[in-house]
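Please look over the model below. My notes follow as numbered points.

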Protein chains: 2
Amino acid sequence: MTKASDWDLLAVPASFFTDKGGDPDARQRLIMAGLEVFGAYNLEGATTRQIALKAQVNQAAIAYYFGGKEGLYMAVIEFAVGIIKANVLPAVIAIRDRDPVNRFTRREALELAQGIIRAFLGTLVRFPMASSWSRIVMREQMQPTKGFDYLYENVIQHIHRAFARLLADAHECDPEDPQMILRAHSLVGQFIIFLAGRETVRRRMHWQCYSADEARQIETAVSANLEAIFLYATNTPGKGNNQ
Amino acid sequence: MTKASDWDLLAVPASFFTDKGGDPDARQRLIMAGLEVFGAYNLEGATTRQIALKAQVNQAAIAYYFGGKEGLYMAVIEFAVGIIKANVLPAVIAIRDRDPVNRFTRREALELAQGIIRAFLGTLVRFPMASSWSRIVMREQMQPTKGFDYLYENVIQHIHRAFARLLADAHECDPEDPQMILRAHSLVGQFIIFLAGRETVRRRMHWQCYSADEARQIETAVSANLEAIFLYATNTPGKGNNQ
DNA sequence: TCCCTTCATTTAATCGTTTGATTCATTCAA
DNA sequence: TTGAATGAATCAAACGATTAAATGAAGGGA
């Protein structure tokens with residue numbers, strides 16, 4: 001199970017269910033509609049009228065429940081973070097809580113990394129809304145708002161630290177070594193590209209969206225690259241892989 | 001040098017220098033200012049007043065030269081594509097023009113792949129404006145306009161095909177095999193993540209921007225992963241790498 | 001059971017601001 | 001004198017936010 005620690009990764013903000021009283025329906029519908037519209041357009045591009053229309057709610061309800069457009073945007077991000085927390089962070093926590101001295105073997109590290117990616121792609125397929133929040137996250141990277149602080153602190157940072165740890169263990173290095181961190185970024189890029197470069201993937205593969213079958217193909221391809229990265233001995237290029 | 005073919009990858013649109021007469025200064029300044037503002041904000045977020053102010057040009061000049069905001073946006077994309085064409089596509093053309101029967105060795109493929117990435121990162125460092133256009137490209141992936149058509153046809157597609165060819169040769173597969181294409185996407189993600197996830201990289205590495213030293217570190221890290229992917233024999237996972 | 005009050009919620013209408021685009025007079029070199 | 005280029009002013013449309021009235025369920029006293 002999950003160890004209770006000072007910052008519980010699986011914790012969900014109280015506002016996640018229903019806070020400040022009110023009609024939970026209107027609130028929830030606004031968040032869902034906001035997720036969709038903020039995902040399709042962006043913070044400036046999305047209009048409160050469009051969101052209110054899709055949520056079947058009066059425009060004034062946005063200010064009433066969330067204080068304004070930006071408030072709704074933050075609520076949408078918190079909602080999305082809650083979903084990711086529940087679905088992909090369990091695979092991360094096991095790595096974080098592992099004793100630093102007790103290193104993973106290469107094969108273990110590989111399988112744990114594959115586990116994170118499987119959880120990630122699985123979430124992408126299970127939730128139709130995942131397509132929306134991935135767009136929001138990517139846009140936050142280009143033009144960070146305070147929403148990125150929340151994303152980084154609650155999700156992104158932990159996933160990256162987990163990969164750095166796995167990579168460092170596999171190559172017998174320090175997880176804080178800049179080169180290991182950079183290689184972890186590069187590794188994360190191997191599957192994030194299927195979100196960040198979705199239109200390119202769509203055209204090259206002639207895909208319409210990511211369903212279960214597409215996710216499986218992606219997982220297979222990424223796993224092949226991952227296997228090489230984890231099992232190939234980089235420090236001694238001529239020697240080959242070992243365990 | 002470069003072979004002249006039906007679609008010359010290195011060709012630069014006529015509008016690149018000065019077309020439709022007019023004051024080249026005002027035109028050029030508008031494109032530069034547009035690149036900057038469209039990069040910082042996005043198509044909707046950027047205002048014509050802001051661009052005109054930065055270009056030291058009257059607001060009406062945008063409609064005069066480009067027909068409107070969207071026209072300027074397209075001109076900015078064409079300008080950016082011209083820069084990428086001149087700087088990174090030479091490394092790609094050599095691969096495209098190689099006889100399909102005459103396969104690259106693993107070591108050759110690795111070094112050519114590293115060459116593309118070096119050209120890419122080098123461009124990123126040499127041109128301060130690169131930071132702007134990379135944001136534009138990434139946003140086009142989330143919310144494609146007709147600008148993406150131009151980007152894909154003129155740059156993105158060719159880079160991807162080159163990587164698929166290199167990967168297929170190294171693993172003795174068909175470059176059109178879906179798995180190879182997906183692995184190529186994954187491979188491209190390894191360095192695109194430094195554009196797509198720039199805010200994450202910035203926070204993890206405590207970097208302010210990408211200068212020459214940062215680019216060198218990235219290149220080293222990506223090269224290490226690349227080496228594993230190209231030299232490790234995936235099809236026979238227990239056997240290790242060979243040449 | 002009935003009426004009345006209370007308060008959270010919803011509604012339609014409107015506010016002031018900003019947007020991209022346009023107009024028309026002016027400038028200036030050919 | 002001509003025509004491309006610039007400048008200041010202005011247009012209608014769309015934006016987020018706000019307002020005040022309307023709605024309706026909940027609670028309490030007679």
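1. First, a term. A residue is buried if 20 or more other C-beta atoms lie within 10 Å of its own, exposed if 12 or fewer, and partly exposed in between, with C-beta atoms placed from the backbone. By that count A:Glu172 is exposed, with 10 other C-beta atoms within 10 Å.

2. This is a predicted model, where local features need pLDDT of at least 70, side-chain atom pairs count only at pLDDT 80 or more, and totals for chains, interfaces and linings use all residues. Residues are numbered from 1 along each chain as its sequence is written, and chains are lettered from A and ligands numbered from 1 in the order in which they are written.

3. A:Glu172 is not a glycine, yet its phi is positive, about 55 degrees. It sits in the loop between helix 8 (146–170) and helix 9 (178–196) of chain A. Helices here are DSSP runs (H or I, at least four residues), as are strands (E, at least two), numbered from the N terminus.

4. A:Gln56 also has a positive phi of about 55 degrees without being a glycine. Its loop joins helix 2 (48–54) and helix 3 (60–66) of chain A. A:Gln56 is exposed, with 11 other C-beta atoms within 10 Å.

5. How many residues of chain A are in contact with chain B? The number is 54, and they touch 54 residues of chain B. Contact means C-beta atoms, placed from the backbone, within 7 Å. On the side of chain A that touches chain B, helix 9 of chain A gives the most, with 15 residues.

Conventions. Contact = placed C-beta atoms within 7 Å.
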